[in-house]
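Hello,

Here is the structure I promised to pass on to you. Please open it alongside this message, and my notes follow below.

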Amino acid sequence: MNDVETETFLRFDNVKKSYDQKNLVVKGFDMQVKEGEFITLLGPSGSGKTTVLMMLAGFESVTSGDIVIRGKSINKTAPNKRNIGMVFQNYALFPHMSVAENLAYPLSVRKMPKAKIKERVAHYLSLVELSEFGNRRPGQLSGGQKQRVALARAMIFEPMLILMDEPLGALDKNLREQMQFEITRLHKKLGFTVIYVTHDQTEALSMSSRIAVFNDGVVQQCAPPSELYERPINAFVADFIGENNFIPGKITSVRDGKATVHTDGGDVVTQVSEGLPASGSCRVSIRPEKLFIHPTTHAHDNALKVRFTTRIYVGDFIRYYFALPDGTDIIVKVLNDLSAPEFEEGEEAQLLWLATDCIAFA
Amino acid sequence: MTSAAQALRTQRNKALPIGGDTHDIMTNSINTLNKEDAANAAREVRKRRLQAFLFVVPLLVFLVFAFVAPITTMLYRSIHNPTVANLVPDTLILLEDWSGEGMPDDSVLLQFAADMKRMANDRTSGQLADEINRALPGMSSVTKSTARALRRVEDEDIAANGATILLEANKRWAEAATWRAIRDAGPIYTSSYYLTAVDLERDRDGGIVQRDTQIYVKLYTKTLKMAVIITVLTMVLGYPLAFFMAHASSALANFLMVFVLLPFWTSLLVRTTSWIALLQAGGVVNSTLMWLGVTDEPIELLYNEFSTILAMTHILLPFMVLPLYAVMRGIDNSYMRAAISMGSSPLAAWYRIYLPMSLPGLSAGALLVFIISIGYYITPALVGGTDGQMISNIIAFHMQVSNNWELAAALGSLLLVLIVLLYWLFDRFVGTDNLKLG
């Protein structure tokens, strides 16, 4: 236990928050963050993730529980004494100051000598590849450039922690991908710890060391991206992260961590989620890209009889819509190559997949 | 490379120059307008301009009638005074030869006596009496009584010994000062009203000197001082309120906004009268103070500078709060939070980040309040007493009581110049593009 304690950089201890003295917005949040980790708080809007970030930054008080950095509670520390950098969705660059003045602000607040400030500002401008832009006003920059300035400004005073509140929410898709890459690059290069809030799951999956999925004020699962995607702990996570098909059925037997489930399209063997009962109804979750349409060369041990509804041409892949006899929609993603089959409407088809690729949830 | 591909390539290479030419021709014909296009485009622009003009025509007409014309008239009136020149034109011509020392010639007196008789019969002698009286106090009654005396005298008598009759009617006609006053009131275009408006006058030699009584410069200074005090007070009261409202929930902000706007919805007279009820000797404030034992006798709260400033601050507060609120509402929380997260104390963050960002609202509010209070009339008139009078009250006095419209026009024009000057200064140092009025 002691080892964990020394390694833990930031710890949330049963943190709760209520705004109206009646309802909890954050209901007992626990998390341990190691130095240098990139943690993403992911969840639908109103799930409490931003509130957690604001409590960490000190702009919202903690109703109960403890936020601990390096073994010291910061609940009572004023926000300007926490030494936490922050990046906002609207960038929050000071419009009446030039880019260089914006970067110099946290340093001048710390009474750093002028020459040193100049040097540091130049260094960080080159770090975000904006060396030429020091004299511009924020209003003269594009969205991506603004966000890079905001990033540099949050890093320049070398805070122990950088918080990002949906920093890429205002950018278009291409820029967003560029900036994701940029943030990851800087994070790897400088090694700071990041707490990142977003509702965009692709962003979360591609950047984070660990993701905490929020819903309704509670963390549903906190795990590395691949684990979150492959082994969701419950139906909410399975549904929220990526696309998923849910096939309703009845559990007929559970043995050695595998369950046999009777569905409308035939019996299937699935992996078992925690706390799944030995009998009763359940939902089998399976990703659209893990399903294959008969005939296929891929390995498989489950088969399901379905009817073809329609297919949508997306470009790099094709989405097939099938329906179970009871009406449940099943989506299949097929790479757009010569093997993508054609169907008549209402034609019968068979879907195949591996038992290790699906999980049954209660 | 296969022979087919090779063939294709040579073909393409051959075709390239031709393709290039076609391309050039294409872009030329695409980028330039032909005659018909140009005419169409010009017609489009003309149509849009005409539409835009038609939209502003009603306001333009209104402004010309309600704003440009009256102000031009006022400016003209402040230098144009043909009354005396119209009443006694011949006397004025004869007076041109007079040196200004000793008595003028008898011919002048004769002509003046004849003019007086005509004016007495036309009932226009009163106008002349007013004009001379302005330069030389006491001349009003002298002129009027003389006119009465001359009305019954026969024309032949006046022609024969008009001078004697005039001097018998009142001995002030024997003074050179009287004739100088008439002569100096003669010119149709005069700067004398502007000189009076800044407490100056012309001496006998035409040099500009200070007047004995200093009224207007002092009044302008006091008006400016009061306007500055009122502006500062509305800032001090309005800024925190607007700040709070801008960051409160919209329900609370709307509720508070009702209180800010309440003064707008009640009649100006009611508001001002309620201040009288509060501040007068037996009013709410004084009776409370006396009941508390703070003072034994009522404090003079009403009819002075204090009450004027108090009431005007109350009335003008919305003009400060509204632009401030509008600007602050647009300043996201994150700016202050960003500054604080970077280690700035809240007060320092406010000073270096929030204040500059809210400056457009603050300067717009300040400009509004300042300009409105400089020309404010009703409140100082009601609660100002003699002490709290501002320049507009004197202008009103000259228009309604002393009937000196020319001086009122000169004072008003100076006020206008002052405001334009202040606005120019403001533009110079703060910049009007920094204004945000809503």
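**A covered helix in chain A**

Val99(A), Asn102(A), Leu103(A), Ala104(A), Tyr105(A), Pro106(A), Leu107(A) and Val109(A) are the buried residues of helix H3(A). Buried here means under 20% relative accessible area, exposed means over 50%, and partly exposed is in between, with a 1.4 Å probe and protein chains only. Helices (H or I, at least four residues) and strands (E, at least two) are DSSP runs, numbered from the N terminus.

With eight of its 11 residues buried, H3(A) is mostly covered. What do its buried residues pack against? In chain A they meet helix H4 (114-127) and helix H5 (143-155), and in chain B they meet helix H16 (333-341) and helix H17 (346-374). Contact means heavy atoms within 4.5 Å. Just after H3(A) comes Lys111(A), with a positive phi of about 60 degrees.

**Before you read on**

This is a predicted model, in which local features need pLDDT of at least 70 and side-chain atom pairs count only at pLDDT 80 or more, while totals for chains, interfaces and linings use all residues. Residues are numbered from 1 along each chain as its sequence is written, chains are lettered from A and ligands numbered from 1 in the order in which they are written, and side-chain values use heavy atoms, with hydrogens and water left out.

**How confident is the model?**

pLDDT is the predictor's confidence in each residue, from 0 to 100. Chain A has a mean pLDDT of 89, and 98% of its residues reach 70 or more. Within chain A, confidence is highest in helix H3 (residues 99-109), at 95, and lowest in helix H1 (residues 2-7), at a mean of 51. Residues 1-5 of chain A have a pLDDT below 50, and this stretch has two contacts in the model beyond near neighbours in sequence.

For chain B the mean pLDDT is 85, and 92% of the residues reach 70 or more. Confidence in chain B is highest in H11(B), at 94, and lowest in helix H1 (residues 3-31) of chain B, at a mean of 50. Two stretches of chain B stay under 50. Residues 1-5 of chain B have two contacts beyond four places in sequence, and residues 7-22 of chain B have one.

**Chain B as a whole**

Chain B has 20 helices and two strands. The radius of gyration of chain B is 36 Å, well over the 22 Å that the globule rule gives for 438 residues, so chain B is more spread out than a compact globule. That radius is taken over C-alpha atoms, and the rule is 2.2 Å times the number of residues to the power 0.38. Along the principal axes, the C-alpha atoms of chain B fill a box of roughly 135 × 80 × 35 Å.

Of the 438 residues of chain B, 38% count as buried. Among its contacts between residues at least 6 apart in sequence, 70% join residues at least 24 apart.

One helix of chain B, H19(B), is mostly covered, with seven of its 10 residues buried. They are Ile391(B), Ser392(B), Asn393(B), Ile394(B), Ile395(B), Ala396(B) and His398(B). These residues pack against helix H11 (216-247), H17, helix H18 (378-383) and H20 of chain B.

**Some backbone details**

Most residues other than glycine have a negative phi, and most peptide bonds are trans. Asn14(A), in strand S1 (residues 8-18) of chain A, has a positive phi near 45 degrees. Asn14(A) is partly exposed, with a relative accessible area of 39%.

Asn403(B) has a positive phi as well, near 55 degrees. Asn403(B) sits in the loop between helix H19 (391-400) and helix H20 (405-429) of chain B, and is partly exposed at 45% relative accessible area.

Where is the cis peptide bond that involves Pro295(A)? It joins His294(A) and Pro295(A), with omega about 0 degrees. Pro295(A) lies in the loop between strand S15 (292-293) and strand S16 (302-313) of chain A.

Leaving aside neighbours within four places in sequence, Ile39(A) is in contact with Met31(A), Val33(A), Val194(A), Ile195(A), Tyr196(A) and Arg210(A).

Best wishes
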